[in-house]
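This report covers a chain–chain contact and a helix packing. The sequence and structure come before the details.

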There are 2 protein chains.
Amino acid sequence: MSQFGEIETPAVLIELERVEQNVLRLQSHCDRHGIALRPHIKTHKLPRLARLQIEAGAIGITCQKIGEAEVMADAGIDNILITYNILGDSKLQRLLRLSRRCRLSVVADNAVVVEGLAGAFVGEAQPLNVLVECDTGAGRCGTQSIEQTLGLAQLIHNAEGLALAGLMTYPPMGDQGRVNAWLQGARDALLGKRLPCPVVSSGGTPNMWRAQEVPTATEHRAGTYIYNDRSLVRAEVCSVDDCALSVMATVVSRPTAERAIIDAGSKILTSDLLGMEGHGLIASAPKAKVAGLSEEHGTIDLTNSPWNPRVGERLRIIPNHACVVSNMVDRVYLLRGGEIECEERVAARGRVT
Amino acid sequence: MSQFGEIETPAVLIELERVEQNVLRLQSHCDRHGIALRPHIKTHKLPRLARLQIEAGAIGITCQKIGEAEVMADAGIDNILITYNILGDSKLQRLLRLSRRCRLSVVADNAVVVEGLAGAFVGEAQPLNVLVECDTGAGRCGTQSIEQTLGLAQLIHNAEGLALAGLMTYPPMGDQGRVNAWLQGARDALLGKRLPCPVVSSGGTPNMWRAQEVPTATEHRAGTYIYNDRSLVRAEVCSVDDCALSVMATVVSRPTAERAIIDAGSKILTSDLLGMEGHGLIASAPKAKVAGLSEEHGTIDLTNSPWNPRVGERLRIIPNHACVVSNMVDRVYLLRGGEIECEERVAARGRVT
């Protein structure tokens, strides 16, 4: 395989040792606490790494879109939860076809979605597993009360073609006690009405080391942990040395003593700030600030840095948000022992539907 | 072709009548003022629309990356300016191959880049056109003084395999007088040393109606004008009705009276704010705020809006920044007369090198 120096920049590099360590570390944590782990593949979008997660002990995977799940099913992944309200005939037909070739679950937070799913799956030999999505405080999708959760659960349970599989939440970060109280109340309400609730699915990478503080949850979904990123270093969930994904860039211009321009802009690093200043961390020169991005240029402010890069010099940037970077490129380079092992196509990139 | 209702969302829609009007309007403006127009294809990344721009009178196109230029040359576009410092053997070899099949120009703002280009093109029958990139105030790439510009121009002029083609700038928005003074000083310095300066290339869509206020410029590069977007509406460069690109989304959840969740998130709208609040404009309900984005969800704040969408309802969003949206999708839908004319592959999407 090509040497480092031959790679054209910008390029996304993935260090496999760090990936493996990150995967094993969270798997052991979940194993230790008796929580099933269901990784979200949005972070890597690579069947190869989904298989690695399964082999390490994950019970299946999480996808956000049918298109992602199709790619993963094509690669032989069998147990898939799509954490999304799926609507519309065309998508429902795709979902139906997908359900015939893998174990599949979806979520719903409203009756329109349940009716659509029920209409598509009526008469199917294998009912579709549906979890009620609950808003435990994150303020995105989800039922707003236990009463509403119960009503929707009843609707799913009564629908031919659907099987009530439990509860799911995309929780707020940090308040595990509140999340647990919410889920416990909802689960108990279901069980009180003799409704099944085999799965209670919570998630989040920032929360992952505290997954056990939501004992009602039977499984935890996490995505970013496989790569980590600057936002998680800042949240003290991981260290810089745990970050497996970086963007390699080249200094293309040194207009002034304080300014270096690199060939990585928002088309590879994205504009995601996640509440931070700057557009990534240069691990080898942390005082150099990735101060601005246009589409194909990054502006490095060297004012407070002793680093004085020459034109042509290469650097590696840990992005603010790893997941969105994976979605910007058709291929990534997988590294082992500091050498390129192979190039990998980002098979589930850009699957917006 | 499929009806609107059959399109899976989120989807990028392009209204061709608006595209054609936008193309013709800027072309006439440039024609009237005797300025050559060299559209930047980063906005659409579609050979079909590059051809439309050429047929309307553009002298050629602008690309930011060799990969974009390769796609456009494959589609028969002949006159291409790559406004980028190109470095590294692999890219220089690609550039050399590209130069043998189309009229090609590049820029350089430092001696390392010039030496690389000269090394690759020495002995070529057709020298490579190189413009000196000048920093006229935008603070990105570019020479910092007339003296430096002159030195680099001399280096290019003396290099076998290269032809000095003039000056290029990515100007600051708004201060046309200063940009003109800079370019005029630099051009006069070149001419005073009997160096050629046939082309002086400035650009920018926010500046486009004032391109004539930089009379030293022989050509203007603009990209976003073909689609326009919320940032340009806000800058009063165009009206909402001139916006040709929109993202069609579906309301997937109505958790509360004030909140609607749509299936368009940062994976299609991107996180680009361009100094604005909110993530796009819902033209049919402008008081509804696209308040937050995660990767696959958008949160609409309906607090100040009379709009009360039901689950399943569709809407169209004019994004903050059109160019970056084109880069997020593998295909777009082209519309005429409010109907879908065809689907078009975004051929130059994701060309980061």
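How many residues does the contact take from chain B and from chain A? The contact takes 51 residues from chain B and 50 residues from chain A, two residues being in contact if their C-beta atoms, placed from the backbone, lie within 7 Å.

This is a predicted model, in which local features need pLDDT of at least 70, side-chain atom pairs count only at pLDDT 80 or more, and totals for chains, interfaces and linings use all residues. Residues are numbered from 1 along each chain as its sequence is written, while chains are lettered from A and ligands numbered from 1 in the order in which they are written.

On the side of chain B that touches chain A, strand 10 of chain B gives the most, with six residues. Strand 4 (79–85) and helix 10 (322–326) of chain B are among the elements that each supply at least two residues. Helices (H or I, at least four residues) and strands (E, at least two) are DSSP runs, numbered from the N terminus.

Within chain A, helix 4 (residues 89–99) packs on helix 5 (residues 111–121) at an angle of about 55 degrees, with axes 10 Å apart. A:L92, A:L95 and A:L96 in helix 4 of chain A meet A:G116, A:A120 and A:F121 in helix 5 of chain A.

Residue classes in the two contacts are as follows.

The predictor gives the complex an ipTM of 0.97 and a pTM of 0.97.

Note on methods. Axes fitted to C-alpha atoms, helices over the stretch in contact; angles between N-to-C directions.
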